[in-house]
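This report describes the fold of one protein chain, from its overall build to two local elements. Please consult the sequence and structure shown here.

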Amino acid sequence: MVKNITVLKGDGIGPEIVNEAIKVLDKIGEKYSHSFKYTEVDIGGCSIDKHGVPITKEGMELCKSADSVLLGAVGGPKWDSVDPSIRPEKALLAVRSELGLFANLRPTKLFAQLADSSPLKESIVGNGIDLMIVRELTGGIYFGDRRTEVVDGEKVAVDEMKYSEHEIERIGRVAFESARKRSHRLASVDKANVLDSSRLWRAVMHRLAEEYSDVEYSDVLVDNAAMQLIKNPSQFDVIVTENMFGDILSDEASMLTGSIGMMPSASLSDSTLGMYEPIHGSAPDIAGMDIANPIGTIMSCAMMLRYSFDMVKEADDIEAAVNKALDDGYRTADIYKDGFTKVKCSEMGSIIAANI
Ligand code: IPM
Ligand code: MG
């Protein structure tokens with residue numbers, strides 16, 4: 001099969017980790033006779049430097065016409081003071097919105113090999129952590145009206161948080177379906193004791209819960225959810241939540257597993273077009289040093305094969321290759337401990353590719 005992948009390497013460690021992911025994809029292509037064709041598009045700070053905008057119109061079109069999009073990371077201190085209308089992150093939000101990528105799946109799994117990397121006690125993570133955060137990605141406060149105005153002689157800033165029923169329903173369906181494929185448990189996280197948008201969220205979720213009566217459903221307030229994730233993470237299986245709560249909780253959840261560098265994500269639309277990226281950022285402090293962990297990006301490619309290309313065996317193969325690299329004792333700096341073999345980003349990529 002021929003698949004066209006638009007590649008957005010981005011800033012900081014983005015290019016390094018994406019190069020390793022491509023090594024692994026090429027190996028899969030060889031083994032299963034697929035041809036993955038890559039088209040690179042600048043995104044984020046590197047695009048601002050070259051083209052004056054965080055993504056060009058042609059770049060956006062190449063994302064829309066691809067079979068799927070692979071992203072590294074965007075942003076860095078160099079572009080912190082550019083005009084907000086062309087910030088690197090703007091491009092990421094624009095791609096999410098223009099491609100209709102409303103469903104962001106962030107699986108959070110503690111690799112058994114890294115059990116002692118979790119900052120939580122063995123008594124808490126001993127049963128393992130395996131949860132799926134389903135984050136709404138094209139609505140809420142990220143996409144509401146935004147302005148700063150002067151009122152009575154002082155600046156006032158406004159960010160609007162808005163959800164409509166159909167936006168809540170479609171992400172709700174993704175979450176309930178996902179719960180059906182896992183352990184039939186779904187927690188919906190909101191702030192319905194304060195926010196109207198959350199009260200509507202909850203009402204729509206309750207309607208769906210009646211329809212999906214085989215799924216054990218619960219409501220959790222977001223502050224409590226943040227606490228419960230630390231107190232007793234294994235109570236959760238699938239968590240569905242709005243855009244900003246999902247952004248925050250997924251960073252928190254990822255840390256339970258020891259390193260944010262391990263965690264992949266898939267951003268899905270109504271069609272098979274999706275964007276795949278690690279959940280971590282561009283880590284400018286270690287950019288260019290070849291010490292980043294490419295596993296989050298490599299695992300994102302496994303999600304690409306599974307969700308966009310329906311290549312299940314190939315996806316399983318990548319996950320097994322990652323597990324073997326960990327079983328064999330290879331660790332990048334972020335997950336390194338005495339007694340293991342410390343490897344560079346590029347070495348980890350080659351080892352995983354060789355395991356395929
Ligand atoms: C993420 C990131 C982005 C977000 C940033 C870079 C805009 O933190 O994908 O979680 O907030 O969605
Ligand atoms: Mg985030």
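Of the 356 residues in the chain, 53% are buried, meaning under 20% relative accessible area with a 1.4 Å probe and protein chains only (exposed is over 50%, partly exposed in between). This is a predicted model in which local features need pLDDT of at least 70 and side-chain atom pairs count only at pLDDT 80 or more, while totals for chains, interfaces and linings use all residues. Residues are numbered from 1 along each chain as its sequence is written, chains are lettered from A and ligands numbered from 1 in the order in which they are written, and side-chain values use heavy atoms, with hydrogens and water left out.

The chain contains twelve helices and 14 strands; these are DSSP runs numbered from the N terminus, helices (H or I) having at least four residues and strands (E) at least two. Its radius of gyration, taken over C-alpha atoms, is 20 Å, close to the 21 Å of the globule rule (2.2 Å times the number of residues to the power 0.38), so the chain is as compact as a globular protein of that length.

Helix α10 is mostly covered, with eleven of its 13 residues buried, among them I295, C301 and L305.

Strands β6 and β7 run antiparallel and are joined by six bridges; two strands pair if DSSP finds at least two bridges between them. E149 has V156 in β7 as its bridge partner. Two residues lie between the strands of this hairpin, and D152 in the turn has a positive phi of about 50°.

| Strand | Residues |
|---|---|
| β6 | residues 146-151 |
| β7 | residues 154-159 |
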